[in-house]
Amino acid sequence: MATPTYDLLASTTLATATASVTFSSIDQSYGDLIIIVNALGSTTLEARIRLNSDSGSNYNSVRMSGNGSTATSASLASQTSGSLSVIADATTGEAILLKVEIQDYTATDKHTSILARANQSATGAEATALRWASTAAVTAIEILTSTGNWAIGGTFNLYGVAK
Amino acid sequence: MSFMLLGILNSQAAGGGAGAYDLLETTTLTSSASSVTFSGLGSYSDYAHLQIRGIARGDRSSNTRGALSFNINGDTGGNYAWHYLRGDGSSVTSNRGVSASRMQYLWEIPAVNATANQFSSATIDFLDFSNTNKNTTMRLLQGIAGADNQVGIASGLWNNTSAVTSIDIIDLFGNLVSGSRFSLYGIKGA
């Protein structure tokens, strides 16, 4: 029998500029989590993610980007937070659209695998894969900036998808 | 300044009537298997699209990476085409296949020599899967991060207007390992 899913778990719209948004005490009854971010930075910044407040060197990522003229790929290893996107250019005045998918976030038999897609039409498009080198279930997610703040009006929505 | 959103506002129970985005089936491997098949998809024809969300690892020997392929309705004739765009941390590459016997190399997965506990996740959409007026197309986003980096987007074509009744996900080089999971969702249309 079909099971309705893709449930909104938490949502916030920034009333003040902030460097990070945290979803905590995350419901453990779903299979996957999806986070949709539509936010403008107060400066040009990199969007990052941190799980369970772990600031150890446990994040790896690989991305590919296109900016209208060239396609590039880069990777980061042993980071203290995971790189979701580098295309949030505040000078464009355009919010970044970021979709983050975390599969099997409650699993304790595998590292946490994350996929992210980012778009900012004035800057480019990106796809990123990340791995959190931990087998702990994800109970908290922080979406943070590399520098500066997410601007007022930024929206951050967390969804649960059953499995 | 850090904005802390404490607690989760909503934890709706699963079950009950169908919605616009519904979980239809899940297969989680408890032992290794060379493939996973979703069959009987004709019973889901009240949905417009199908989505598969998965996380997988294989046991390909002597390698850090394997790959999954897709067949539709058991068709292994030369009726498929595929493209991918992929970044490995240093460059972006693309490849394609035409008149192929499967949609292949679209989802790369960690293999025996990859980092322990590393899996690859993917989200795959099969659009208008029961529409008999057009050939079937799919798209995919997948990635692995670590010692063997890769992120990719891909598309596939089954050059046939038949309604999709089954989808095979096949490990091209060995078996999918225990813990690999594939969930099938239905998305309503107009």
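Thr3(A) has Leu23(B), in strand 2 of chain B, as its bridge partner. Strand 1 of chain A and strand 2 (residues 21-28) of chain B are joined by two bridges and run antiparallel. Strands here are DSSP runs of E of at least two residues, numbered from the N terminus, and two strands are taken to pair if DSSP finds at least two bridges between them. The model is predicted: local features need pLDDT of at least 70, side-chain atom pairs count only at pLDDT 80 or more, and totals for chains, interfaces and linings use all residues. Residues are numbered from 1 along each chain as its sequence is written, with chains lettered from A and ligands numbered from 1 in the order in which they are written.

The contact between the chains involves 53 residues of chain A and 50 residues of chain B, two residues being in contact if their C-beta atoms, placed from the backbone, lie within 7 Å. Among the strands of chain A that each supply at least two residues of the side touching chain B are strand 1 (3-4), strand 2 (7-13), strand 6 (59-66) and strand 7 (71-79). That side of chain A comprises 21 nonpolar, 21 polar and 11 charged residues. In this classification, Ala, Val, Leu, Ile, Met, Phe, Trp, Tyr, Cys and Pro are nonpolar, Asp, Glu, Lys and Arg are charged, and the others, Gly among them, are polar.

Within chain A, eight strands form an open sheet in the order 2-13-4-9-10-11-6-7, with antiparallel pairing. Strand 2 and strand 7 of chain A are the edge strands, each pairing on one side only. Neighbouring strands of this sheet are turned by 15 degrees against each other on average, direction ignored; axes are lines fitted to C-alpha atoms, and angles run from 0 to 180 degrees between N-to-C directions. Seven bridges connect strand 6 of chain A with strand 7 of chain A in the antiparallel sense, and Val62(A) stands opposite Ser75(A) in strand 7.

Chain B contains an open sheet of four strands in the order 3-12-5-8, also with antiparallel pairing. Its edge strands, strand 3 (35-38) and strand 8 (103-110) of chain B, each pair on one side only. The twist from one strand to the next averages 20 degrees. Strand 5 (residues 65-72) and strand 12 (residues 167-171) of chain B pair in the antiparallel sense over five bridges, with Asp171(B) in strand 12 as the bridge partner of Leu68(B).

Met1(A) lies in the segment before strand 1 of chain A.
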